[in-house]
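Please consider the following structure with attention to its side-chain contacts and its surface charge. The account below moves from salt bridges to an aromatic contact and then to a charged patch.

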Amino acid sequence: MSATADHAEERTNPAARLGFQPGQVVQEIGYDEDVDQELRKAIEEAVEGDLVDEDYDDVADAVVLWFRDDDGDLTDALVDATTYIEEGGAILLLTPKTGRAGYVEPSDISEAATTAGLTASKSVSVGKDWSGSRLATPKAAKSKR
């Protein structure tokens, strides 16, 4: 594939835009019937493997956290998610878009991320019903400076 094709894929594939790489172990938390199956497939294609579930008992390179407003406390969910990833890993927080059931206010995401010790480095639309926020652990945030 040419460099031009690589850049085109990054623009069209949300998993590539979010930085998922071949060989990464990605743990998925909060899976339910409402998740975006196309995004899940795109992530699996990007990492060249299946997503591991909440029962995975080793550290992951990244966590995909599907979170809805009625799922409980977002700060607690983010703190729990950080225990599953390697130092310097990232959490992709996926929340329903404005007007969808389970919508989470951006201010709530920002406050929860800060309280959990995470840095929001990127927000992106990842499907017709979901928005994504890429949250970095402190080491990952520092290395980008």
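Lysine 41 and glutamate 45 are joined by a salt bridge, with 4.0 Å from N to O. In this predicted model, both residues belong to helix H3 and stand 4 residues apart, about one turn of the helix. Lysine 41 and glutamate 45 are both exposed. The structure holds 6 salt bridges in total.

Arginine 68 takes part in a salt bridge with aspartate 34, where the closest N and O atoms are 2.8 Å apart. Arginine 68 is in the loop between S2 and helix H4 (74-82), while aspartate 34 is in the loop between strand S1 (26-29) and H3, so this pair ties together parts that are 34 residues apart in sequence. Arginine 68 counts as buried because its relative accessibility is 7%, under the 20% limit. Aspartate 34, at 36% relative accessibility, counts as partly exposed. Arginine 68 also forms a salt bridge with aspartate 71, the closest N and O atoms lying 3.0 Å apart. Through shared partners, Asp34, Arg68 and Asp71 are joined into one network.

The whole structure contains 1 aromatic pair. Since tryptophan 66 lies in strand S2 and tryptophan 130 in strand S5 (residues 130-136), the pair ties together parts that are 64 residues apart in sequence. Both tryptophan 66 and tryptophan 130 are buried.

On the surface, Asp53, Glu54, Asp55, Asp57, Asp58 and Glu86 gather in a patch of negative charge. One of these residues, aspartate 55, sits in the loop between helix H3 (37-47) and strand S2 (60-66). Aspartate 55 is exposed, with a relative accessible area of 67%.

Note on methods
Residues numbered from 1 in each chain as written. Predicted model: local features only at pLDDT ≥ 70, side-chain atom pairs only at ≥ 80, totals over all residues. Heavy atoms only, no water. Patch = residues over 30% accessible without salt bridge, like charges linked within 9 Å, V, L, I, M, F, W, Y side chains within 5 Å. Areas by Shrake-Rupley, 256 points an atom, 1.4 Å probe, with all protein chains shown as cover. Salt bridge = Lys/Arg side-chain N within 4 Å of Asp/Glu carboxyl O. Lys, Arg positive; Asp, Glu negative; His and termini not counted. Charge placed at Lys NZ, Arg CZ, Asp CG, Glu CD. Helix = DSSP H or I, 4+ residues; strand = E, 2+ residues; numbered from the N terminus. Buried < 20%, exposed > 50% of the residue type's maximum accessible area, 1.4 Å probe, protein only. Phe/Tyr/Trp six-rings, centres within 6.5 Å; stacked < 30°, edge-to-face > 60°.
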